[in-house]
Amino acid sequence: MSATETVDWATANQRYLMAALAVVRSTLERHAAKDGGEAEKKNDDAVEETLNAAARGMPAPSTLEVISAAFRLSPFERDVLLLCAGVELDSTFGSCCAAAQGDSRKNYPTFSLALAALPGAHWSALAPSSALRRWRLIEVTHQDGLVAAPLGIEERVLHFLAGINHLDERLAALLEPVPAPTDLPESQVEVARQVAQLLARSENETPVVVELCGPESESRRGVAAMACGEFGLRVYALRASDIPAAASEREMLARLWEREALLSRGALLVDADEIESADQARTLLPFLEDIHGLVVVTRREPLRAGQRPIVRFDVPRPSSAEQRKLWNQSLGQEFGGLNGEIESVIAQFSLGPRNIQAVCANLAGANDAGELSRKVWAACRLQSRARLDDLAQRIEPAAAWDELVLPPAQHQLLREITAHVRQRLKVYETWGFAEKGQRGLGISALFAGSSGTGKTMAAEVLARELCLDLYRIDLSSVVSKYIGETEKNLRRVFDAAEEGGAILLFDEADALFGKRSEVKDSHDRYANIEVSYLLQRMEAYRGLAILTTNLKSALDPAFLRRLRFIVQFPFPDASQRAEIWRHIFPAATPTRDLDLAKLSRLNIPGGNIRNIALNAAFLAADANEPVTMPHLLRAARSEYAKLEKPLTESEIGGWA
């Protein structure tokens, strides 16, 4: 409809509405006069002819016709609605109501007046299940009983009749319009087609609940908007956490939405990602069963079925080829110069259309392909952080290869890990290993060794080498004594990390991934399920998962067999300790007369060496001196005391 046609329709709709109100007003006047004569009949005929002329001038259905058809109003119910609207839109209606009821104080419509004055009256229009009351087209004030109670039209309905279509203010704060997507990858477009076909088949039946599951919220919303758009429906999103727990409030929300869906041809999308507890599910499921009409539920994991049928569809992440196409579209001419780099980005990050567009929007100012490549990688990391930052501690990697003092075999294993992460797209997809099966494609490593031997530092080195984010998982926030909660927490972590393929570091993993126990009770059984679930997620995780443990023997052998790398971090010998001391102080730290041979006699691992060096630096700074052996001796005594370990003469002999 063009702008001119819209103006013409609005004018014609206003003319038609006022003509319809005039018919009802004429009916009230005739009822007030009791015995309408020839003059009244001529007036009625003239009013009817005006209404017919206004109807012939409508370029499209009027709002009154739309409401009558959508809510299946009888002629009497339509006139009751007009009676209530007339009081708001025509200043003469109040006096007409008072005259028709024979009481100057009753300048408002009532069911009693409608039943007595309007043609085709039927008592069922007063019932709570009637269209007028079920969908809150009118309001009833029960101060004088049902029949004598003042009636009023709902503001949302009044504005719609007048040609102004906007969300009810009670819904506007809860609903978010979902825009129609323009850039869904083909795999997701295919899901949208399947959903649209289902909706077409069930159009004349009680609509099923459509559930869209998958890792990406924007993709699920896009599929819903595309499928509903095939039927001219606009999608509005409601957070499941905003659904009231009280049954009466929940019922009110359902009725308001049903009315809104009919007035604005809308479809409801319930975002249930936040639903975790049983109490929240007990609120959501009755709400879904109470709504009559199309409802789409989006969630990473499927809901349990309720009484109303739920048809589920999985919305996949964009494939590598689809991501390549999205990058090409977003980068335009710059894509050719970055083609090789984009392959590395696709191998590491799994981004949807919105995130790719956001990355490309932040690339202005790059002077050459190298700088552009670095900006793309950094922007992808930022896009992938949002969810994981809320679940784990991000560590900024500072350690480099030359600071990591390990035997050559361990160094070689760590180099192999980086190669596996870098080359997984080539090996899995280009060389076809993924076609042989999806099991075992996750890259996992166990770093085993006593405390302070460099396990966390090695994870930092890998993160820095690969230019990836490193997240330490706080086991205290993951492990739960409640059955099933640990799996939910692990699922959140892995789902959040999946988008950016971040490096996950599970410190002291034996606390969570210990030997599977013999099943003696339900808690043992669920503890074993938690271990099995972890194994499945690690095998499917597209990034690198690192587990650290001080006690390798405490881990389940079956678990160890399914790890790709096991790196043993040995206690450093004297030569290795000397090398650690050589790199322990930053270049800007002033030192004097440090004896590495004597320092290497301290029989402690690198973590404790760092503590001694740091404490000695503070002692020297406080004395306004360079770091010297006496400062290190004092710091060593403090560190050994903390460890409850004696500092022997063989370790510090000849220091003073």
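Student: At roughly what angle do the axes of helix H11 and helix H12 cross?

Tutor: This is a predicted model, and in it the axes of H11 (residues 186-201) and H12 (residues 217-229) cross at roughly 45°, coming within 8 Å.

Student: Why is H11 called oblique to H12?

Tutor: Angles under 35 degrees count as roughly parallel, and 65 to 115 as roughly perpendicular. The crossing is at roughly 45°, so H11 is oblique to H12. The crossing is also right-handed.

Student: Which residues make the contact?

Tutor: On H11 you'll find Gln188, Val189, Val191, Ala192, Val195 and Ala196, and on H12 Ser219, Val223, Met226 and Ala227. By class, that's 8 nonpolar residues, 2 polar and no charged ones.

Student: On to Glu258. What makes Glu258 count as buried?

Tutor: Buried means under 20% relative accessible area. Glu258, which lies in helix H13 (residues 247-264), has 3% relative accessibility, so Glu258 counts as buried.

Student: How do you know that the side chains of Glu258 and Trp135 make a polar contact?

Tutor: A polar contact needs a pair of N or O atoms within 3.5 Å, one able to donate a hydrogen and the other to accept it. The contact between these two side chains is at 3.0 Å. Glu258 also touches other residues, including Arg134, Asp290 and His292.

Terms used:
Residues numbered from 1 in each chain as written. Predicted model: local features only at pLDDT ≥ 70, side-chain atom pairs only at ≥ 80, totals over all residues. Heavy atoms only, no water. Axes fitted to C-alpha atoms, helices over the stretch in contact; angles between N-to-C directions. Helix = DSSP H or I, 4+ residues; strand = E, 2+ residues; numbered from the N terminus. Parallel < 35°, antiparallel > 145°, perpendicular 65-115°, else oblique. Left-handed = near helix turned anticlockwise from the far one by under 90°. Contact = heavy atoms within 4.5 Å. Nonpolar A, V, L, I, M, F, W, Y, C, P; charged D, E, K, R; others polar. Buried < 20%, exposed > 50% of the residue type's maximum accessible area, 1.4 Å probe, protein only. Lists of a residue's contacts leave out its neighbours within four places in sequence.
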